[in-house]
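The report below works through one structure by region, beginning with a charged pair and ending with the sheet and its hairpin.

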Amino acid sequence: MLPLDIEVPEPARAAAVVFKDPTPGPTRFTTMDSPVGELTLYGDGQALGGVLTPAKDGSSRHVPADWVREDTGVLADTADQLRAYFAGTLTEFDLPLAPAGTEWQRRVWTALTTIPYGETASYGELAQELGRPTASRAVGMANGRNPISIVVPCHRVIGADGTLTGYAGGLERKRFLLSLEAHGA
């Protein structure tokens with residue numbers, strides 16, 4: 001007979017993604033259309049370094065003159081996975097990632113990768129998980145500098161009271177992404 005006071009543990013978060021260090025050389029990029037506007041994907045040829053959403057006014061992001069267009073390899077894989085994500089058939093990305101950032105930023109971005117599809121976490125919860133319970137603002141600052149939006153799901157972070165708060169791509173895009181995941185989960 002089972003005791004009646006069994007506590008069901010909280011489901012474990014997803015395993016964290018391990019980031020690679022960006023390799024030297026030219027930055028490669030491609031663009032793709034998406035439901036949130038034209039996305040600019042970039043990286044070092046071996047790993048994804050960023051996914052840029054359009055500016056809040058809807059204009060495309062400026063691509064530096066020394067970037068090289070490349071529509072193959074990891075950037076093509078990223079575009080394929082993003083199309084599947086927007087179609088509701090992909091809930092977890094499987095890509096090599098190499099975001100450039102400080103040690104703290106990369107720790108926060110790694111924590112973002114553990115928030116499951118269709119779920120959210122607050123800045124305070126992430127700060128607690130990172131062992132810095134009073135650092136919710138620092139988590140927010142790092143979250144806002146996440147270069148790999150959507151793939152590293154900074155849109156899944158919300159305010160402590162459950163409200164939608166800042167998103168570099170704009171709150172309307174954040175609302176869209178959370179709604180997509182809520183209906184596809």
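## Arg 156 and its partner

Arg 156 is buried, with a relative accessible area of 5%, where buried means under 20% relative accessible area, exposed means over 50%, and partly exposed lies in between (1.4 Å probe, protein chains only). The side chain of Arg 156 meets that of Glu 181 in a salt bridge, at 2.8 Å from N to O; the term stands for a side-chain nitrogen of Lys or Arg within 4 Å of a carboxyl oxygen of Asp or Glu. Because Arg 156 lies in the loop between α4 and β6 while Glu 181 belongs to helix α5 (residues 171–184), the pair ties together parts that are 25 residues apart in sequence. Glu 181 also counts as buried, at 1% relative accessibility.

This is a predicted model, in which local features need pLDDT of at least 70 and side-chain atom pairs count only at pLDDT 80 or more, while totals for chains, interfaces and linings use all residues. Residues are numbered from 1 along each chain as its sequence is written, and side-chain values use heavy atoms, with hydrogens and water left out. Helices (H or I, at least four residues) and strands (E, at least two) are DSSP runs, numbered from the N terminus.

## The annotated active site

The loop between α4 (136–144) and β6 (157–158) also holds Cys 154, at which UniProt, in an unreviewed entry, places the feature "active site". UniProt positions follow the numbering used here, feature names are shortened, and annotations may be inferred rather than shown by experiment. Cys 154 counts as buried at 4% relative accessibility. When residues up to four places away in sequence are not counted, Cys 154 touches Leu 112, Asn 143, Asn 146, Ser 149 and Tyr 167, contact meaning heavy atoms within 4.5 Å.

Helix α4 itself contains Ala 142, which is buried with a relative accessible area of 2%. Leaving aside neighbours within four places in sequence, Ala 142 is in contact with Trp 104, Gln 105, Val 108 and Trp 109. The C-alpha atoms of Ala 142 and Thr 102 are separated by 9.0 Å, although these residues stand 40 apart along the chain.

## The annotated domain and its sheet

An unreviewed UniProt entry assigns residues 28–99 the annotation "domain: Methylguanine DNA methyltransferase ribonuclease-like". Over residues 28–99 the chain is 19% helix and 24% strand, with its end C-alpha atoms 14 Å apart. Four strands form an open sheet in the order β3-β2-β1-β4, with mixed pairing, and its edge strands, β3 (48–52) and β4 (68–69), each pair on one side only. Two strands are taken to pair if DSSP finds at least two bridges between them.

Strand β1 (residues 28–32) pairs with strand β2 (residues 39–43) in the antiparallel sense over five bridges; Thr 31 has Thr 40 as its bridge partner in β2, and Thr 30 stands opposite Leu 41. The pairing of β1 with β4 is parallel and runs over two bridges, with Phe 29 standing opposite Arg 69 in β4.

## The hairpin loop

What lies between β1 and β2? The hairpin has six residues between the strands, and Gly 37 takes a positive phi near 105°. Ser 34 lies in this loop and counts as buried at 17% relative accessibility. A polar atom of the Ser 34 side chain lies 2.6 Å from the backbone oxygen of Gly 37.

## Salt bridges around β4

By the rule given above, the count comes to six salt bridges. One of them joins the side chains of Arg 28 and Glu 70, at 3.0 Å from N to O. Arg 28 lies in strand β1 and Glu 70 in the loop between β4 and α1, so this pair ties together parts that are 42 residues apart in sequence. Glu 70 is buried, with a relative accessible area of 19%.

The side chains of Asp 71 and Arg 69 also meet in a salt bridge, at 3.5 Å from N to O. Asp 71 counts as partly exposed at 47% relative accessibility, and Arg 69 counts as partly exposed at 46%.

Notes
Polar contact = N/O pair within 3.5 Å; in protein donor to acceptor, adjacent residues only side chain to side chain.
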